[in-house]
Amino acid sequence: MNFVLANLDWNNWKELWKDPSIQIQFSILIGLIVFVFALTKLTKPLVISLSENNENSDLKKRFWNNISRMVAPLYLLTSCLLAVAVVERFSISSQELIRPFTSAAGAWATYRMISGFIKSRAWLRLVAVLAFGLAALHSFGLLETTIELLNLLAFNVGERRISILDIMNGGIILLILLWVSSLLGSSGEKKIRKLPHLPPSLQVLLAKILRVILVFVSFAIALSTIGLDLSSFAILGGAIGVGIGFGLQKVVSNLVSGLILLLDRSVKPGDVIEIEGTYGWINSLRARYASVITRDGKEHLIPNEDLITNRVINWSFSDRNVRVRVPIGISYNANPRKAIELCLDAANSTNRTLRNPPPKC
């Protein structure tokens with residue numbers, strides 16, 4: 001099944017095009033491109049109409065949208081595979097042009113399929129480099145040689161021999177697992193937030209624990225595929241512990257403080273708090289800080305340790321109703337009773353002001 005394009009005399013291209021085998025393959029490829037273009041023009045509008053159907057759910061719309069992106073690559077790949085099978089069956093010609101074109105079509109189909117699930121441009125570039133790079137190596141007959149070379153470049157970790165190929169396989173598996181864990185974490189977080197009987201702080205805590213577990217499992221699986229014994233990282237764990245003790249005290253303190261805040265629910269998303277002159281409502285609780293939005297729209301990122309060690313006024317800890325005190329000055333010549341009446345009328349004119357208990361002045 002292997003072939004080497006380097007055996008062709010590409011420098012003497014005029015003589016090359018006189019070869020009947022090359023002419024037949026070139027004609028087949030032109031015919032495939034025209035056929036795929038016409039078939040795509042006929043069927044893609046139907047798939048797009050299915051993706052834009054108002055009766056479809058968001059999941060179905062995404063499915064049909066991804067299918068519409070895959071129409072042309074799938075047609076081209078299927079046509080190329082059929083052409084290879086026909087050429088092999090009837091021994092019409094050699095396959096110096098058809099097989100590389102088939103590899104490129106497979107890389108294009110793979111890229112289009114994965115791009116439907118990945119939105120980051122950096123990840124898409126990485127997928128494109130891997131897909132088309134493997135296709136190019138396979139086309140020139142260098143894939144097996146490259147694999148053997150990467151397998152020869154190795155080093156020892158204890159008694160285990162690890163090659164560059166093992167590291168690349170582990171890295172690819174880790175990236176796939178992290179991507180899957182991100183999808184599962186987002187889906188699980190949405191499910192947790194829909195649970196009616198869980199308070200917001202517990203929802204945030206469960207979502208963070210789920211994400212940490214998924215990431216830990218991803219790294220454990222990736223390391224085990226490389227062949228590393230996880231017990232060999234005991235010394236590294238001790239070194240990390242020493243580093244935490246000396247240089248990462250504040251970071252770890254904020255992480256632990258965040259867990260304490262989520263567990264004791266002293267502050268939670270939606271609470272109105274006041275700390276060191278900052279007054280606002282908690283937008284979110286993160287692993288290292290809490291996001292507090294003030295009335296003027298400023299978002300303060302307060303370290304979790306400050307919420308534990310400093311004095312915090314929680315205006316909505318046990319009751320969502322908050323009494324706001326507003327000092328008002330009037331002229332000495334004004335009628336105090338009339339001023340009090342005007343103040344109460346102004347307070348009662350606001351929809352958020354409760355009638356029981358009533359405003360006072």
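**Entry 1, ground rules.** I am working with a predicted model, in which local features need pLDDT of at least 70 and side-chain atom pairs count only at pLDDT 80 or more, while totals for chains, interfaces and linings use all residues. Residues are numbered from 1 along each chain as its sequence is written, and side-chain values use heavy atoms, with hydrogens and water left out.

I looked up the largest pocket and noted a volume of about 1400 Å³. Its lining has 45 residues, and those closest to the centre are Ile114, Ile118, Val127, Ile176 and Trp179. For my own reference, a pocket is an open set of points on a 1 Å grid over the protein atoms alone, where a 1.4 Å probe fits and protein lies on both sides within 12 Å along at least five of seven lines, and lining residues have an atom within 4 Å of a point. The volume is the space filled by probe spheres set on the points, which are joined across faces, edges and corners.

Helices (H or I, at least four residues) and strands (E, at least two) are DSSP runs, numbered from the N terminus. By class, the lining of the largest pocket divides into 28 nonpolar, 12 polar and five charged residues, where Ala, Val, Leu, Ile, Met, Phe, Trp, Tyr, Cys and Pro count as nonpolar, Asp, Glu, Lys and Arg as charged, and the others, Gly among them, as polar.

The elements β4 (278-285), β5 (289-294) and α12 (336-348) each supply at least two lining residues, with α12 giving the most, four residues. I recorded 17 nonpolar, seven polar and seven charged residues in the lining of the second largest pocket.

**Entry 4, strands around β3.** I followed strand β3 (residues 272-275), which pairs with β4 in the antiparallel sense over four bridges; two strands pair if DSSP finds at least two bridges between them. Ile275 stands opposite Thr278 in β4, and in the hairpin of β3 and β4, with two residues between the strands, Glu276 takes a positive phi near 50°. β3 also pairs with strand β7 (residues 313-314), in the antiparallel sense over two bridges, and there Ile273 stands opposite Asn314.

How many salt bridges does the structure hold? I noted three, each a side-chain nitrogen of Lys or Arg within 4 Å of a carboxyl oxygen of Asp or Glu. Arg193 and Glu189 meet at 3.1 Å, N to O, and are separated by about one helical turn because they are four residues apart in helix α7. Glu189 also meets Arg211 at 3.0 Å, N to O; this pair links distant parts of the chain, Glu189 in helix α7 and Arg211 in helix α8 (residues 200-226), 22 residues apart. Arg211 is partly exposed at 31% relative accessibility, and Arg193 is partly exposed at 46% (buried is under 20% relative accessible area, exposed over 50%, partly exposed in between, with a 1.4 Å probe and protein chains only). Asp271 forms a salt bridge with Lys268, the closest N and O atoms being 3.4 Å apart, and both Asp271 and Lys268 are buried. Shared partners join Glu189, Arg193 and Arg211 into one network of salt bridges.
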